[in-house]
Amino acid sequence: MVSTADILNARILIVDDQEANVRLLEQMLREAGYQSLTSTMDPYAVCELHRANHYDLILLDLQMPGMDGFEVMEGLKKINPDGYVPILVITAQPGHKLRALTSGAKDFVAKPFDLVEVKTRIHNMLEVRLLYKKLEQYNDVLEQKVQERTAELLESEARFRRLTELASDWYWEQDEKGTFTRVYGPVLEMLGIPLDALLGEIKEEQAARWNEAERAVLKANMAARRPFLDFVFSRSDADGSHQYFQVSGEPMFDATGRFTGYRGVGRDVTEIMRDIAQPQTA
């Protein structure tokens, strides 16, 4: 919420070519407790003053020589086309009220002044303006936090990938249907198959090269939603040689206990398996 102190410390600019009107408004506002008041009788100075000070409220006379209030409002809108320009217009012409509102004014007061009405409208406009500023600040803070959190997540993911690469050759995730959704590491180069084959259904001619008995055991574990550790399975290459892979995985569940897929790591153990298979010489 906006406090009384916030309202009384708001920055106000008074624009009127009549010195008597300026003094009257300044006196009224100071007696009401407003602390930060600026005034000018030069309409050409308004835009630069607002650009430098970002006033919370501009009290603007419409009828001024050389440059009227409508031209001033056009200039103010160019400073921040998408922002909230807090203008309270002062006019003695009833016919100017609608035009003023459509030109960017947020409210108006009529001459001669009703001091109670003027103070009420100023207070209400400042309350709205300051609430709007608080919302802008909140959105800025929220956007900053989102950016910081996104950066943290990206760094965390990068760190996770580095740790995974140190502990294994690749990291993988599957959804509840068994479709690969994430693969980190050089497994594609190791297998020699295209990305769409690994991330989608494995084609029959590719599936035929895997050891079906080993695949059946792995599938049974996954169908039963069991974790598995260092499971070794193999596939034959076109030249008749064999590749061996060791995988570990665990099932994933959401907060309600619903199965959402598997995740795990894997590595190429072909060289290890070949060394084991070779007969030892004395």
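Colleague: Which residues of helix H4 are buried?

Modeller: In this predicted model, the buried residues of H4 (residues 69-79) are Gly-69, Phe-70, Val-72, Met-73, Gly-75 and Leu-76. Their cover includes helix H3 (46-53), strand S3 (57-61), strand S4 (87-91) and helix H5 (96-102).

Colleague: What makes Asp-68 a cap for the N-terminal end of H4?

Modeller: A side-chain oxygen of Asp-68 lies 3.1 Å from the backbone nitrogen of Phe-70. A polar contact needs N or O atoms within 3.5 Å, so a distance of 3.1 Å qualifies.

Colleague: Let's turn to the sheet. What is the order of its five strands?

Modeller: The order is S2-S1-S3-S4-S5, in an open sheet with parallel pairing. Strand S2 (36-40) and strand S5 (107-110) each have a single partner strand, so one side of each has no neighbour in the sheet and they stand at the edges. On average, neighbouring strands here are turned by 20° against each other, direction ignored.

Colleague: How do you know that S1 and S2 pair?

Modeller: Two strands count as paired with at least two bridges, and strand S1 (residues 11-15) and S2 have five, so they pair, in the parallel sense. Within this sheet, Val-15 stands opposite Thr-40 in S2.

Colleague: Why is the contact of Asp-56 with Arg-11 called a salt bridge?

Modeller: The closest N and O atoms of Asp-56 and Arg-11 are 3.9 Å apart. The cut-off is within 4 Å, so the pair passes.

Colleague: How far apart are Glu-271 and Arg-274 in helix H11?

Modeller: They are three residues apart in H11 (residues 270-277), about one helical turn. Glu-271 and Arg-274 form a salt bridge, with their closest N and O atoms 3.6 Å apart.

Colleague: How many salt bridges does the structure hold?

Modeller: There are twelve salt bridges. Among them is the one between Glu-152 and Arg-149, at 3.3 Å from N to O.

Methods
Residues are numbered from 1 along each chain as its sequence is written. This is a predicted model: local features need pLDDT of at least 70, side-chain atom pairs count only at pLDDT 80 or more; totals for chains, interfaces and linings use all residues. Side-chain values use heavy atoms; hydrogens and water are left out. Buried means under 20% relative accessible area, exposed over 50%, partly exposed in between (1.4 Å probe, protein chains only). Helices (H or I, at least four residues) and strands (E, at least two) are DSSP runs, numbered from the N terminus. Contact means heavy atoms within 4.5 Å. A polar contact is a pair of N or O atoms within 3.5 Å; within protein, one must be able to donate a hydrogen and the other to accept it, and residues adjacent in sequence count only if both atoms are side-chain atoms. Axes are lines fitted to C-alpha atoms, for helices over the stretch in contact, and angles run from 0 to 180 degrees between N-to-C directions. A salt bridge is a side-chain nitrogen of Lys or Arg within 4 Å of a carboxyl oxygen of Asp or Glu.
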